[in-house]
Amino acid sequence: MQYWNEQYETMNLEEMRKFQSGKLVETVKWLYERVGFYKKAMDEKGLKPGDITSIDDIAKLPFTVKNDLRDNYPFDLCAVPMEELDRVHASSGTTGKPITGPYTLDDMKQWSQCMARTLWAQGVRPNDIAQNAYGMGLFTGGLGFLHGAMEIGCCIVPSGSGMTDRQVMLLQDFGATALFSTPSYALTIAERAESMGVDIRKLPLRIASCGAEPWTVEMRKDIEARMGIRAHEAYGLTEMMGPGVSFSCEEGRLHVNEDHIFPEILDPETLEPVPLGTQGELFFTAIQRRAMPLLRYRTRDITTLVRKKCDCGRTLVTMEKILGRSDDMLIISGVNVFPSQIESLILDVGLMEPLYQLRVFKKGYLDSLKVEVEAKREVYDGGPEAIANAEKALKAKIQSTIGIGVGVEVLPLGSIARSEGKAKRVIDER
Ligand code: DLL
């Protein structure tokens with residue numbers, strides 16, 4: 001079979017809108033009757049559940065932002081009592097308390113289905129052996145992929161993240177055909193294999209499903225070439241279920257599971273909808289979940305929604321690759337810059353590895369940027385002159401493409417911390 005769930009993956013727009021409308025109406029009523037936060041937010045707008053009759057009414061609904069989750073930590077936004085929950089995940093929460101992701105048993109089933117759709121579209125089949133190198137625990141990556149792979153019925157090697165030498169050994173000895181990991185960890189594994197003298201391209205591995213952090217097309221191609229595989233993409237966030245919100249198909253386009261998670265792109269300044277095909281900030285409404293469905297949740301992720309016939313046959317709306325999070329956007333000499341744009345250029349120059357960090361500091365009143373990056377081995381082998389030339393080449397490329405002057409320093413081999421999960425790209429010294 002071509003699709004995991006043909007009915008929803010190939011539904012025509014009119015039917016999808018009808019389906020989404022029904023689910024939104026149910027969800028709004030569910031929340032209004034059970035979650036004080038949403039009742040108050042709707043009352044303040046003079047809205048009653050009965051005012052929401054179709055998905056087109058979504059714009060009337062209140063927004064939810066990350067601080068609302070913090071203020072209501074851990075379970076005040078939950079629509080069901082704790083004893084009716086089946087699972088709680090949580091985001092790592094770099095500052096303060098984490099964001100909680102509670103699920104009912106039915107939410108768990110939906111999540112598994114969304115993940116099975118993801119993996120099926122990416123070519124995972126029951127006879128595959130899947131090494132799951134996402135962090136297994138509160139993070140939604142490891143267990144989300146586990147549930148999807150269990151639905152499909154392939155053989156799972158739950159290696160978790162870390163112990164990279166062992167990951168390489170397992171790839172060799174167990175012969176995984178699919179790898180699940182963040183893109184930066186896939187790269188760490190590829191690099192470690194190279195230094196162990198193991199050629200992953202000669203192993204049975206054929207696909208990877210990567211996500212949880214922004215990565216560029218250039219980075220994807222780099223992983224594909226080093227491992228001799230096809231690298232696919234998964235996108236999601238703890239607040240909406242974890243991975244399984246959108247997935248790349250064989251055409252490489254990211255389809256949103258819009259029968260579960262309804263996407264909107266809004267202008268981040270005005271919070272007004274932008275026309276399809278225009279870049280803006282992604283907002284999501286969970287229209288089928290029951291433990292803690294969020295309305296119009298502000299993700300901070302910047303992308304574009306596109307509704308165009310996909311050769312894979314799926315009609316689910318597609319999103320472009322995430323450019324970055326608005327929180328990670330830097331303003332250098334008055335120009336907006338995302339780390340992913342620098343990543344593209346690092347790889348484009350052809351002399352560097354996608355191992356980099358961006359140091360942001362104050363120079364007078366203005367923010368300045370220094371790109372610290374590792375070069376390819378042959379550049380180091382060429383000595384100081386080759387290194388200086390590589391630095392010059394990247395500096396010139398950034399100046400001519402983005403139009404900003406930045407410092408570039410090629411660091412000694414091995415100085416950038418290798419990622420085992422989400423890579424930290426920005427060091428903020430302001
Ligand atoms: O990272 C869920 C996930 C796990 C997705 C495994 C894919 C694979 P959080 O830790 O809550 O959840 O982080 C969510 O990570 O808002 C994006 O900013 C970023 N992100 C996730 N997937 C992608 C992706 C998981 N494919 C936040 N491309 C999101 C770019 C991504 N950014």
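Let's begin with the parts that surround the ligand in this predicted model. Three elements, α6 (140–152), β7 (230–237) and β8 (242–248), each give two or more residues to the shell around the ligand. Strand β7 has the largest share of that shell, with five residues.

**Who surrounds the ligand**
- The ligand has 21 residues around it, and those that come nearest are Glu-233, Ala-234, Thr-238, Asp-301 and Lys-422.
- Sorted by class, the shell holds 10 nonpolar, six polar and five charged residues.

**Backbone atoms facing ligand nitrogen**
- At Ala-234, a polar backbone atom is 2.8 Å from a nitrogen atom of the ligand.
- For Glu-213, the distance from a backbone N or O atom to a nitrogen atom of the ligand is 3.3 Å.
- Pro-214 also has a polar backbone atom facing the ligand, 3.4 Å from a nitrogen atom.
- On its own the ligand would expose 610 Å², and the protein buries 94% of that area.

- Helix α9 (residues 217–227) packs with helix α10 (residues 339–349) at an angle of about 50 degrees, and their axes are 8 Å apart.
- Because of that angle, α9 counts as oblique to α10.
- On the α9 side, Glu-218, Met-219 and Asp-222 make the contact, meeting Glu-343, Ser-344 and Leu-347 of α10.
- This contact between α9 and α10 is made up of three charged, two nonpolar and one polar residue.

Key: Residues numbered from 1 in each chain as written. Predicted model: local features only at pLDDT ≥ 70, side-chain atom pairs only at ≥ 80, totals over all residues. Heavy atoms only, no water. Near = heavy atom within 4 Å. Polar contact = N/O pair within 3.5 Å; in protein donor to acceptor, adjacent residues only side chain to side chain. Areas by Shrake-Rupley, 256 points an atom, 1.4 Å probe, with all protein chains shown as cover. Helix = DSSP H or I, 4+ residues; strand = E, 2+ residues; numbered from the N terminus. Nonpolar A, V, L, I, M, F, W, Y, C, P; charged D, E, K, R; others polar. Axes fitted to C-alpha atoms, helices over the stretch in contact; angles between N-to-C directions. Parallel < 35°, antiparallel > 145°, perpendicular 65-115°, else oblique. Contact = heavy atoms within 4.5 Å.
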